[in-house]
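Have the structure open as you read.

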Amino acid sequence: MAEKPPFSALRPITARLLSHDKPNSAKPLDALSIAALAYLALPSFIFFFGWLRWPFAIFFSLLVASSMLVAIDWRRIVWQLPYRLPVFLTIVAAAFVWSAFGGAGHFAAATIDWTVRDAVLGDLVYGTWPVSYAERDGVHYILRSAIGYFLPAAVLAKALGIHAADLALYLWTALGTALFMLSLPLPRQVGGRLLLLMMLVAMFSGMDLLGVLAYQGDWPEFPGRLEWWTQFSYSSLSGQLFWAPNHALPTWLVSSLVYRHWHQPMFPAFALLLVALLPIWTPFALPGLAPFLALAALQFYVAGSRRLPWLPLLSALLVIALMARFLTLNIGDIPTAIAIHQTRSSNDFLLSYLSFTLLEFGALALALSLRLRHSYGILWLATATLALLPFVVFGPSNDLLLRASIPSLIMLMILTLTVFQPSAGIAPDERMPSLIVLILLIGAFSPAYELGRAASVRRWLPDYTPTLIDQQNGVFPAHYVGRLDRADMRVLLRDPAIVPSREQRLVNERHE
């Protein structure tokens with residue numbers, strides 16, 4: 001009797017894990033991929049030349065640039081738009097409109113968190129990099145939070161004046177949102193289906209309304225937030241864009257690129273570039289993306305590939321090491337708490353957890369599992385990740401839960417899009433996925449409240465004269481400010497400069 005090859009019993013499981021959406025998950029690298037890579041890369045190059053001493057700035061810039069040359073087979077890039085021009089322009093226009101409801105640009109009423117983001121942007125424009133808020137006993141307290149989002153707008157505002165900062169940040173936000181939406185599996189023709197699926201993206205959310213009704217007992221007051229009805233929260237996509245675009249945009253973009261290319265042979269080297277470019281944007285993206293990158297690595301191994309180009313791998317390791325040292329300055333001082341609205345379930349973890357998982361993603365994941373005929377591994381990993389994250393707490397508003405959940409939520413949203421696409425491999429009967437539609441309609445109340453608040457509440461204009469410390473009433477927030485007390489970082493970083501005070505900024509504005 002022939003002996004079975006080792007691990008043969010695992011082959012059916014592996015095959016289901018690696019099943020994929022053939023029309024949308026094995027796309028070759030194209031103009032959109034390169035544009036997204038350039039968008040993600042620009043803040044890193046600005047950081048290298050703005051924050052590092054010139055020998056290290058040149059070293060890291062050349063390292064990343066040469067990695068891009070090596071990791072990508074530029075002769076095989078498909079230099080064309082992924083959509084025909086009318087569809088392309090429709091998606092871009094939708095992205096710009098959606099972004100206008102967020103805080104960047106202050107066209108509508110920005111969320112309260114934008115007072116902090118405006119202060120950070122103002123400090124980056126007015127200050128000399130690295131920005132320092134004080135020097136005590138020879139140690140500078142520097143801005144070291146997730147600053148990648150702000151850097152391109154800050155550079156432009158330094159050149160044109162502070163009055164250009166808000167518009168520059170809006171254009172940068174809208175561009176990132178457009179690249180994200182263009183990378184999604186949307187219809188190829190302008191029409192009702194395209195408009196509905198673009199609306200699905202903007203209105204994608206868990207069923208917070210049911211949670212509020214169950215735990216508060218009455219209809220939520222407009223225009224309050226629905227997403228903190230228990231001690232956990234997974235934000236709608238509009239909530240992510242309006243409250244934390246600095247974390248959301250890069251994570252959206254890389255998550256959609258992972259889905260778009262993970263069965264493409266060139267993807268592993270491309271993924272190393274993405275991994276190297278993410279930390280300056282947000283430290284929370286890589287933990288959330290790790291399961292999906294591991295799945296892509298398994299596909300790479302099963303396909304018979306064993307070698308990665310050494311330069312992109314070295315680049316990723318060195319850049320991550322640099323940013324880890326920078327972002328973890330006095331990380332132990334960062335408070336960890338769960339900012340919640342007190343509900344009657346706040347002390348009942350099990351009940352809160354079960355109701356949260358069911359309403360936020362469990363019902364949708366179950367409905368998708370009954371409908372999909374591909375991407376089982378992505379569905380399982382997204383569901384498992386979202387189920388496990390509530391057991392991990394980090395940050396003053398449980399930031400790890402809020403931000404590391406984004407890749408899994410994006411994967412569920414993309415899989416939902418494929419259900420409504422004729423060529424996506426759905427059940428042959430082509431019946432309307434009524435359960436999924438019902439879940440999406442209930443979930444749409446959360447982003448509807450966000451959009452309604454932005455449109456109905458009186459807008460306010462940004463004030464870039466207070467420093468971050470002024471805005472925090474003299475407190476040095478540890479999740480934004482770090483002590484430069486590491487010898488290696490003192491060698492790598494330029495000498496910090498104390499940021500101009502409110503009074504100095506007012507004088508500068510009068511002279512502009």
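Does Trp219 count as buried or exposed? Keep in mind that this is a predicted model. At 51% relative accessibility, Trp219 counts as exposed, because the cut-off for that label is over 50%.

Trp219 has a ring partner, Phe445. Their ring centres are 5.7 Å apart and the planes meet at 80 degrees, so this pair is edge-to-face. Trp219 sits in the loop between α9 (208-216) and α10 (237-243), while Phe445 belongs to helix α20 (residues 445-456), so the pair ties together parts that are 226 residues apart in sequence. Phe445 is partly exposed, with a relative accessible area of 31%.

**Aromatic pairs**

Searching the whole structure turns up 31 aromatic pairs. One of them joins Trp51 and Trp129: with centres 6.2 Å apart and planes at 25 degrees, the two rings are stacked. Trp51 comes from helix α2 (residues 31-51) and Trp129 from the loop between α5 (114-126) and β1 (131-136), so parts that are 78 residues apart in sequence get tied together here. Both Trp51 and Trp129 are buried.

Here are the two pairs side by side.

| Pair | Centre distance | Plane angle | Type |
|---|---|---|---|
| Trp51 and Trp129 | 6.2 Å | 25 degrees | stacked |
| Trp219 and Phe445 | 5.7 Å | 80 degrees | edge-to-face |

Ring pairs also build a cluster, linking Tyr215, Trp229, Phe232, Tyr234, Phe349, Tyr353, Phe356, Phe361 and Phe391.

**Charges over rings**

The charged end of Arg136 sits over the ring of Phe476, 4.6 Å from the ring centre. Likewise, Arg225 places its charged end over the ring of Trp243, at 4.1 Å from the centre.

Now for the nonpolar side of things. The largest nonpolar core has 169 residues, and the members that touch the most others are Phe47, Leu124, Phe180, Trp252 and Met413. Take Phe47: leaving aside neighbours within four places in sequence, its contacts are Leu52, Ile147, Leu151, Ile280, Leu322, Met323 and Phe326.

What about Phe56? Phe56 is part of helix α3 (residues 54-71) and is partly exposed, with a relative accessible area of 28%. Not counting residues up to four places away in sequence, Phe56 touches Val491 and Leu492. From Phe56 to Met413 it's 40 Å in space, C-alpha to C-alpha, and 357 residues in sequence.

Key: Residues numbered from 1 in each chain as written. Predicted model: local features only at pLDDT ≥ 70, side-chain atom pairs only at ≥ 80, totals over all residues. Heavy atoms only, no water. Phe/Tyr/Trp six-rings, centres within 6.5 Å; stacked < 30°, edge-to-face > 60°. Helix = DSSP H or I, 4+ residues; strand = E, 2+ residues; numbered from the N terminus. Buried < 20%, exposed > 50% of the residue type's maximum accessible area, 1.4 Å probe, protein only. Lys NZ or Arg CZ within 6 Å of the ring centre and 35° of its normal. Contact = heavy atoms within 4.5 Å. Core = buried A, V, L, I, M, F, W, Y, C linked by side-chain atoms within 4.5 Å.
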